[in-house]
Amino acid sequence: MTPKKIAQTAIAKMNKKIKDEIFLIIQNDRELMYEYLRAVKANGFNTVDQQIAKEIKKAYSFVNINERENNPSCTLIQSHQKFE
């Protein structure tokens, strides 16, 4: 594996961790969780998760790699969008 590929792989793993951590913050914060559930009731899980993921992507300049995360730590993540 080249140094570039090693770095890209490590960065992709970190990006997944960042997304998961942000959803964990929502899950573990009573006020944010309340607002999340209200948004889900109004818009559905996929829409809310996708909009949150879009904001994470924008905040960290992630690139969508059109794959799904299969084992997120956070139970809130429904759409499991992966980023690079």
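## Helix packing and core of a predicted model

Helix H1 (residues 3-28) packs against helix H3 (residues 45-60) at an angle of about 125°, and the two axes lie 11 Å apart. That angle makes H1 oblique to H3. In passing H3, H1 makes a right-handed crossing. On the H1 side, the contact is formed by Ile18, Lys19, Ile22, Phe23 and Ile26; on the H3 side, it is formed by Asp49, Ile52, Ala53, Ile56 and Tyr60. Sorted by class, the residues of this contact are eight nonpolar, no polar and two charged. These values come from a predicted model, not an experimental one.

H1 also meets helix H2 (residues 30-43), where the axes come within 5 Å and cross at roughly 100°. H1 and H2 are therefore roughly perpendicular to each other. The residues involved are Phe23, Ile25, Ile26, Gln27 and Asn28 from H1, and Arg30, Leu32, Met33 and Tyr36 from H2. This contact of H1 with H2 consists of six nonpolar residues, two polar and one charged.

| Helix pair | Crossing angle | Axis separation |
|---|---|---|
| H1 and H3 | about 125° | 11 Å |
| H1 and H2 | roughly 100° | within 5 Å |

Phe23 and Ile26 of H1 are listed in the contact with H3, and Phe23 and Ile26 are also listed in the contact with H2. Both residues belong to the largest nonpolar core, which has 11 residues in all. H1, H2 and H3 each contribute at least two residues to the core.

Leaving aside residues up to four places away in sequence, Ile56 touches Lys19, Ile22, Phe23 and Phe62.

For the protein as a whole, the elements are three helices and two strands, arranged along the sequence in the pattern α-α-α-β-β. The protein has 84 residues, and 30% of them are buried. Taking contacts between residues at least 6 apart in sequence, 56% join residues at least 24 apart.

Methods:
Residues are numbered from 1 along each chain as its sequence is written. This is a predicted model: local features need pLDDT of at least 70, side-chain atom pairs count only at pLDDT 80 or more; totals for chains, interfaces and linings use all residues. Side-chain values use heavy atoms; hydrogens and water are left out. Axes are lines fitted to C-alpha atoms, for helices over the stretch in contact, and angles run from 0 to 180 degrees between N-to-C directions. Helices (H or I, at least four residues) and strands (E, at least two) are DSSP runs, numbered from the N terminus. Angles under 35 degrees count as roughly parallel, over 145 as roughly antiparallel, 65 to 115 as roughly perpendicular and the rest as oblique. A crossing is left-handed if the near helix is turned anticlockwise from the far one by less than a right angle, and right-handed if clockwise. Contact means heavy atoms within 4.5 Å. Ala, Val, Leu, Ile, Met, Phe, Trp, Tyr, Cys and Pro count as nonpolar, Asp, Glu, Lys and Arg as charged, and the others, Gly among them, as polar. A nonpolar core is a set of buried Ala, Val, Leu, Ile, Met, Phe, Trp, Tyr and Cys residues joined through side-chain atoms within 4.5 Å. Buried means under 20% relative accessible area, exposed over 50%, partly exposed in between (1.4 Å probe, protein chains only).
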